[in-house]
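This report describes the fold, selected local features and confidence of one protein chain. Please examine the sequence and the model below before reading on.

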Amino acid sequence: MTAIDDSTVRDPDALRADMVRALRDQDAITSEPVAATFAAVPRHRFAPEASLGLAYDLHRTVPVKKDEHGLVLNVMSAAHLQAVMLGQAGIEPGMKVLEVGSGGVNAAYLQELVGPGGEVTTVDIDRDIVDRARLCLDEAGYTQVKTVVADGESGVPDGAPYDRIIVTAAAWDIPPSWISGLAEKGRLVVPLAVCGTTRSIAFDRDGDGLISRSYGLAQFVPMQGEGAAEERKAMLRDGVVVQTDDVRVPLNAQALNHALDTARLGRWSGAAYDLPDELDPYLTLNLSSVARLHADKEVIERGLVEASARLGVPALVGEDSIAYRTRLENVETGGYESGVIAHGPAGRSPRGRVRESAPPLGPRPPPPRSRDVPVPAGPRPLSPPPGRRTATPRHRHGDLALRARDTILLRSAGRM
């Protein structure tokens with residue numbers, strides 16, 4: 001179940017029960033407390049402007065606020081992603097929880113999980129979002145949740161320490177306030193992003209540092225305020241976008257758009273197309289000039305860009321060329337073979353830089369280890385591949401945040 005036709009089914013209780021069953025089937029819900037929480041909260045009450053089918057769709061978001069250009073600033077996250085993150089958080093009755101990034105329904109889920117003896121605080125920089133969340137929470141009966149208008153970068157010190165901090169916006173940094181705001185055995189769940197590739201990471205506090213516990217796929221609107229990333233986007237044409245937070249990647253929209261119109265080159269590895277979850281961060285950290293390529297359904301159906309770009313794919317970007325990973329049917333590799341599609345003159349050259357993306361497509365990186373990767377708070381840095389640093393940390397604790405991000409991505413890429 002990924003979509004519900006509410007033209008024939010209009011009972012929200014039935015839709016909610018169907019949603020819980022589907023989330024169990026897809027292993028998004030793996031615990032009874034989370035299942036009970038999703039069964040209890042009237043999700044549609046937090047999306048009154050949406051159809052019942054959209055509100056209870058597993059994988060679609062509900063837009064809540066857009067800017068004057070139509071850019072989505074806030075959404076009600078997909079049920080599947082919320083269930084996975086709540087599972088990562090491991091919330092127990094009586095806990096004190098801080099949510100960074102308000103929406104309403106996730107705070108209601110948190111309140112169900114902590115019970116009457118627990119405390120939930122949700123904070124957002126946007127007063128409109130907080131006011132909307134407050135209204136929905138009150139109308140749905142979750143008056144106990146505390147709402148705060150503030151920059152989530154600083155946390156909410158008045159309520160610290162928290163047993164859990166859940167961040168519901170994409171962050172490229174981990175501010176010290178999130179670590180210091182955790183209880184001694186607290187846990188932080190945060191979507192960390194690098195060059196457009198995002199993973200939801202669960203960290204346990206370890207003294208002044210963190211230890212990663214789990215990670216999962218995630219996609220969120222970016223942080224605002226002091227925690228905003230300096231992400232760059234280039235619209236190549238309708239339905240095709242590249243994005244990155246690496247200031248050194250050339251984003252010449254006109255030249256890259258022209259490259260898409262040139263004859264493309266395909267190179268095939270002879271290796272099975274698998275482990276896309278692991279290879280995404282592997283390529284992101286190993287390519288020297290990487291961005292994330294997105295293409296919509298119409299562009300893909302015309303055959304201009306491969307289907308791997310539908311949800312975004314790491315791409316090697318030059319001044320006038322672009323290359324990215326894709327797949328080709330091949331029974332000898334178990335169904336599909338992994339390969340690279342290149343557009344532009346660099347891809348056609350015998351020494352073209354598309355070769356740079358070939359090594360990760362052969363031998364498989366080992367599967368990721370899911371536990372006990374330390375992120376110390378001391379001065380010794382962890383380094384990604386030479387030349388691959390996407391941003392400068394802002395915080396007094398040096399590069400703790402970048403080491404946290406790089407550590408988990410290096411681990412998931414099989415390099416640790």
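Does Asp27 count as buried or exposed, and at what relative accessibility? Asp27 counts as exposed because its relative accessibility is 58%, where exposed means over 50% relative accessible area, buried under 20% and partly exposed in between (1.4 Å probe, protein chains only). The residue is found in the loop between α1 (12-25) and α2 (32-40). Its phi is positive, near 60 degrees, although Asp27 is not a glycine. Most residues other than glycine have a negative phi, and most peptide bonds are trans.

The model is predicted: local features need pLDDT of at least 70, side-chain atom pairs count only at pLDDT 80 or more, and totals for chains, interfaces and linings use all residues. Residues are numbered from 1 along each chain as its sequence is written, and side-chain values use heavy atoms, with hydrogens and water left out.

The secondary structure of the chain comprises twelve helices and 17 strands; these are DSSP runs numbered from the N terminus, with helices being H or I of at least four residues and strands E of at least two. Of the 416 residues, 55% are buried. Contacts (heavy atoms within 4.5 Å) that link residues at least 6 apart in sequence join residues at least 24 apart in 61% of cases.

Helix α6 (residues 127-139) has 13 residues and spans 18 Å from first to last C-alpha, close to the expected 18 Å; the expected span is 1.5 Å times one less than the number of residues. Buried residues in α6 include Ile129, Val130, Arg132 and Leu137. At the start of α6, a side-chain oxygen of Asp126 comes to within 2.9 Å of the backbone nitrogen of Asp128. Gly141, with a positive phi near 95 degrees, follows the helix.

Ala160 and Pro161 are joined by a cis peptide bond, and Pro161 lies in the loop between β5 (146-149) and β6 (162-167). The backbone angles discussed here are collected below.

| Site | Angle |
|---|---|
| Asp27 | phi near 60 degrees |
| Gly141 | phi near 95 degrees |
| Ala160 and Pro161 | omega about 0 degrees |

The mean pLDDT of the chain is 79, and 74% of the residues score at least 70; pLDDT is the predictor's confidence in each residue, from 0 to 100. Confidence is highest in α2, at 98, and lowest in strand β17 (residues 373-375), at a mean of 38. Over residues 1-8 the pLDDT is below 50, and over residues 395-416 it stays under 50. Where pLDDT is low, the predicted coordinates should not be read in detail.

How values were computed. Polar contact = N/O pair within 3.5 Å; in protein donor to acceptor, adjacent residues only side chain to side chain.
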